[in-house]
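Subject: Structure handover

Hi,

Here is the structure I promised to pass on. Please open it first, then read my notes beside it.

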Amino acid sequence: MPSAAMTLRSLILVAGILLAAPAAHACEACGGKGAATWAAREREPRASQLFPDARVVEYTLEIAETTLSPAGEPVRALTINGSVPGPVLRFREGEIARIHVRNRLVGEETSTHWHGLLVPNLEDGVPHLTTPPIGPGESRTFEFLLKHSGTYWYHSHTGLQEQRGVYGAIVIEPKADAPARADLPPIDREEVVVLSDWTNENVRDVMRTLLRGSDWYAIRKNTAQSLLGAARAGHLRDYLKREKSRLPPMDVSDVAYDAFLANGRTRQQLPAQPGETIRLRVINAAASSYFYLSSAAGPLTLIAADGMDITPIRQRRLLIGMAETYDLLVTVPAGGPAAWEVRATAQDGSGHASVFLGAGAEQPAPGLAPLSPYNMNAAMAAVLDQLDDSGDLTDTEALAAESPRPLPPYKRLKSNSPTTLPADAPLREVTLKLTGDMTRYLWSIDGRSIEEQSTVPVRRGEILRLVLVNNTMMHHPMHLHGHFFRLLMPDAVDPAFAPLKHTVDVPPMSRRTIEFYANEDRDWLFHCHLLYHMKAGMGRVMSYPAGEEMRLADNSAPATPAAGRPAYQPALGEHAMPHTYAWIDATLQSHLSTGSGTIQRGRQNLNLTWETGWGRVDRREYEIEATVSHYFNPRWTAFAGYRLTNESGAHDAVIAGATHRLPYLVDFTASVQSNGEGRLALEKLLQLTSRVSLTAHVQYDTATRFAWQASLAYTASKRLDLIVTQDSDYGFGAGLGFRF
Ligand SMILES: [Cu+2]
């Protein structure tokens, strides 16, 4: 029989391997070969050498840490030049931007990505992939020609820094000699509105809460589903149908936020006079919130999308995805002075940010009717209905037909000028399925995370058409670096005028088709701009092969590396890493204690579970299992490890087994021991109310025979449960449950 010390040693070894893996990954990118590649690329001529006549406009951005309390509670914030958001960077098309970025953070890298701008690969600011990360105390100067005008933004592409405040607006005016747009009324004023979401929690803890499958955010948002709630709402049948099909409850959004911000505040007043027409440059810089925009002053007039001019259309309520930008016109009604609200309501209805135009009596923007969490079928039906809507409506007809929860108005977006691509370029179509798994918070493309499959090969000179098929129940705002793509809507009135975008919302269970002309080089990220989805693996690198392979090759075959050469692997750095997270769930009750400690990385877990009881038995009994597990999909998890016990009749042994999820979300676990003993177990969690759950566990073990346990738990807070348990061995008792 192996000793406990030996078991412990092998566990430490396995833990070491799991934890060391990401470090090994990171160093591929930062050391040796990577550093040499950077040095060569840094010697390439920069924009000011290539375009010596262009005017250079300089900014200095300092990224630092401070304490801010936009949601009332002081929390650690990351600021740019002392504020959230950072300063608005203003340029004119044709100028050269020279931006010095200083990292004043302690022990933390940073980066800046210029979102929506066409920049040389080295200036794109994706750390490790395109640009060296900016280490603590270091600086980096970015330099690029401003090739186009419009509303854009910048943000950190490092870790979860974007959630903590590292973002700001970029405004590029058209060239001075560009003719004024004839399709717009005179504009009296212009304001930038940067929308974002704010949490008082530690951002790493937000990711941890999502990964561990906690219900806490749903409880906070009042969208937690339960048997009683479903019965009350008259949706018990739907609830059971969902459980039968083994799907976890759905929600519109993942995270419960403490505030939604416009320019860093929950409400803000901007100057405006009665009768004025104001151009709002709206940027959704939120980490994981879509917003509905609406105005007290009537429908919004959309004049640009993702920086690009469009034929003006009106929309009563505008859904804006993460990383999208829209330029809107709002005309302040004539008459007495008043404050006209433009409201950005989080898509899940959990809150809003307000901008008031003018001063005086407040005129509220229309609110949003709440969505029943049990009625997601109806919400889905509304989404699918709108996908069938025709784009061929007059503005007035479209306004009249607008859904109370409209999708982004892509069908009606029409570029102000033709966007057709070179007619002689070969076209290649690639279908990418957007996939996800709420059970474990794994987000992926074609079922594989960016680490599991990192690239989509791109050939220079081709038109790459991407069919994005969303197989999940959530919206995904997909963003392509380094290119504008044409958004191709079915039945478009005039396909030659398809809008140019850099970010596209792909609604649940539906598809979007985009295409772009591959006229770049090297590697460009394509990813979901929901920060936590991206971090969970939902992305790919659009990768142009290097050297001779960069020339346009035979279009019939996929671009594969020449025979004998190893497949190209981009330096994904932190974007490839499934980060390691750890947590503990434990109960301490009057008669027993149960719990588990988990270290999770991608699909792998290191688990330590225990149960020890002292009620109704002569001596304290324990069973401890240390296992390594691999998660294949929501239905199958396999594990192997060691079981340590002093229960009478049971033996310490090496164990191996699997857990299979049955209909009605019942988990069936079978395991065998090295000494020939075996165990079968069934476990089911019944959510009675949003905060009260009943967990039933039944097992048959060849050594210890039948045992069962039933626990009733009340979720008191994010960290604490009140719990009572009846156990077949240890009797009845009560205590507390903890989550760390
Ligand atoms: Cu996503």
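Which residue in S17 is the bridge partner of leucine 280? It is leucine 328. Keep that pair on screen, as I come back to it below. One caution before you go on: this is a predicted model.

**The whole chain**

The chain has 740 residues, and 41% of them are buried. It holds 10 helices and 43 strands. Along its principal axes, the C-alpha trace spans about 90 × 65 × 50 Å. Why call the radius of gyration of 28 Å one that agrees with a compact globule? Because a compact globule with 740 residues would have a value near 27 Å.

**Domains**

- Domain 1 covers 1-43.
- Domain 2 covers 47-173.
- Domain 3 is made of 189-199 + 257-370 + 380-410.
- Domain 4 is made of 418-552 + 571-575.
- Domain 5 covers 580-739.

Look at domain 2 and domain 4 together. Their centres, taken over C-alpha atoms, are separated by 24 Å. Domain 2 gives 13 residues to the contact, and domain 4 gives 16 residues. On the side of domain 2 that touches domain 4, there are 5 nonpolar, 6 polar and 2 charged residues.

**Around strand S17**

Back to the opening pair. Strand S17 runs over residues 325-331. It is largely enclosed by the rest of the structure, because 6 of its 7 residues are buried. Strand S12 (residues 277-284) pairs with S17 in the antiparallel sense, over 7 bridges. Leucine 280 and leucine 328 are bridge partners here.

S14 also joins S17, through 4 bridges, and the two run antiparallel. Find alanine 304: aspartate 327 in S17 stands opposite.

Strand S14 (residues 300-305) has a further partner. It is joined by 5 bridges to strand S15 (residues 308-315), again antiparallel. Arginine 314 in S15 is the bridge partner of threonine 301. S14 and S15 make a hairpin, with 2 residues between them. In that turn, aspartate 306 has a positive phi of about 50°.

S5 and strand S7 (residues 150-155) run antiparallel and are joined by 3 bridges. Histidine 113 stands opposite histidine 155 in S7.

The other open sheet has 6 strands, in the order S22-S21-S24-S29-S26-S27, with mixed pairing. Its edges are strand S22 (442-445) and strand S27 (500-501). Inside it, strand S21 (residues 427-437) and strand S24 (residues 463-470) pair in the parallel sense over 8 bridges. Leucine 432 stands opposite leucine 468 in S24.

**Glutamate 162**

Go to the loop between S7 and strand S8 (167-173), where you will find glutamate 162. Is glutamate 162 buried or exposed? It counts as buried, because it has 24 C-beta neighbours inside 10 Å. Leave aside its neighbours within four places in sequence. Glutamate 162 is then in contact with His155, Ser156, Tyr167, Ala287 and Leu531. His155 is the histidine that stands opposite histidine 113.

**Helix H4**

Last stop: helix H4, residues 203-211. Its buried residues are Val203, Val206, Met207, Thr209, Leu210 and Leu211. What covers them? The cover includes helix H5 (216-221), helix H10 (531-535), strand S32 (580-589) and strand S33 (592-601). In an α-helix, residues three or four places apart point the same way, because there are 3.6 residues a turn.

Glycine 213 follows H4, and its phi is positive, near 75°. Glycine 213 and glutamate 162 are 51 residues apart in sequence. In space they are 23 Å apart, C-alpha to C-alpha.

Best wishes

Terms used: Residues numbered from 1 in each chain as written. Predicted model: local features only at pLDDT ≥ 70, side-chain atom pairs only at ≥ 80, totals over all residues. Buried ≥ 20, exposed ≤ 12 C-beta atoms within 10 Å, placed from the backbone. Contact = placed C-beta atoms within 7 Å. Rg over C-alpha atoms; globule rule 2.2 N^0.38 Å. Pairing = 2+ DSSP bridges. Domains from an automatic or database assignment. Nonpolar A, V, L, I, M, F, W, Y, C, P; charged D, E, K, R; others polar.
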